[in-house]
Amino acid sequence: MKLEITTANAQETESLAEKIGKCLKGGEVVELTSDLGGGKTTFVRGLAKGFGSMDRVASPTFTISKVYKSGSREMHHFDFYRLPEAGLMTHELEELVGEKDIVLVIEWSKIVQDVLPADRLSINIKLTKDDKRLLQLDLPESLAYLVQGVPQ
Ligand code: ADP
Ligand code: MG
């Protein structure tokens, strides 16, 4: 299924993501694509909050990945902007995909497409002319519970 939502500022993007984050069970994969400054990390901030993590969310561009804890569950946040080739990351992701207490969130996911499960939430963010953001969500029916509280 596909959904399109426009947000007027970072707060709106964050609270949309927070709603989705609250629905995460564990085991899901979320991928985010957009141009630089599109709002991917902003979205992850809301997602982690909804997931129940108090950890600080920042772009892991230089460290490649960061982990946010929520009780016994973890959100692994990857940013592959500077990764020239998938290489070892392929193995790292393969180990994490489908782990029931782990949610994977991946910025600039294109380079690891082959490793991602078909059942995932894909979000593409576009800047609109009036500096808003158009969030295009694409997800299978099996993940419909993630967007239940989201206006359509
Ligand atoms: P990315 O991770 O895609 O490079 P960031 O989330 O780091 O993007 O940065 C997005 C920037 O755009 C932030 O400075 C944020 O305040 C700003 N912004 C303006 N409008 C929005 C919006 N509707 N949604 C998200 N971010 C927005
Ligand atoms: Mg980012």
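## The shell around ligand 1

A residue is near a molecule if one of its heavy atoms lies within 4 Å of it. In this predicted model, 16 residues lie around ligand 1, and among these Thr 13, Gly 37, Lys 40, Thr 41 and Thr 42 come nearest. By class, the shell is made up of nine polar, four charged and three nonpolar residues.

A polar side-chain atom of Thr 42 is 2.6 Å from an oxygen atom of the ligand, and a polar side-chain atom of Lys 40 is 2.8 Å from an oxygen atom of ligand 1. In the case of Gly 39, a polar backbone atom is involved, with 3.0 Å between that atom and an oxygen atom of ligand 1. Ligand 1 taken alone exposes 570 Å², of which the protein buries 71%. Helix 1 and helix 2 are the elements that give two or more residues to the shell, and helix 2 gives the most, with three residues.

## Thr 7 and its surroundings

Thr 7 lies in strand 1, and its side chain makes a polar contact of 2.7 Å with the side chain of Thr 13, a residue that is itself among those that come nearest to ligand 1. Thr 7 counts as buried because its relative accessible area is 3%, where the cut-off for buried is under 20%.

Leaving aside residues up to four places away in sequence, Thr 7 touches Glu 12, Thr 13 and Leu 16, and also Lys 132, Arg 133 and Leu 135.

## The nonpolar cores

The largest nonpolar core has 28 residues, of which Ile 20, Phe 43, Leu 47, Met 75, Ile 123 and Leu 137 touch the most other members. Two or more residues come from each of strand 1 (2-7), helix 1 (10-23), strand 2 (29-34), helix 2 (40-51), strand 5 (102-107), strand 6 (121-127) and strand 7 (133-138). Helix 2 supplies the largest share of this core, five residues, and it is also the element that gives the most to the shell around ligand 1.

Apart from this core lies another, of 14 residues, including Val 29, Ala 86, Ile 102 and Leu 104. Within the largest core, Leu 137 is one of the residues that touch the most other members. When residues up to four places away in sequence are not counted, Leu 137 touches Met 1, Lys 2, Leu 3, Ile 5, Ile 20, Leu 121, Ser 122, Ile 123 and Val 147.

How values were computed
Residues are numbered from 1 along each chain as its sequence is written. Chains are lettered from A and ligands numbered from 1 in the order in which they are written. This is a predicted model: local features need pLDDT of at least 70, side-chain atom pairs count only at pLDDT 80 or more; totals for chains, interfaces and linings use all residues. Side-chain values use heavy atoms; hydrogens and water are left out. A nonpolar core is a set of buried Ala, Val, Leu, Ile, Met, Phe, Trp, Tyr and Cys residues joined through side-chain atoms within 4.5 Å. Buried means under 20% relative accessible area, exposed over 50%, partly exposed in between (1.4 Å probe, protein chains only). Helices (H or I, at least four residues) and strands (E, at least two) are DSSP runs, numbered from the N terminus. Contact means heavy atoms within 4.5 Å. A polar contact is a pair of N or O atoms within 3.5 Å; within protein, one must be able to donate a hydrogen and the other to accept it, and residues adjacent in sequence count only if both atoms are side-chain atoms. Accessible areas come from the Shrake-Rupley method with a 1.4 Å probe; for residues, only the protein chains shown count as cover. Ala, Val, Leu, Ile, Met, Phe, Trp, Tyr, Cys and Pro count as nonpolar, Asp, Glu, Lys and Arg as charged, and the others, Gly among them, as polar.
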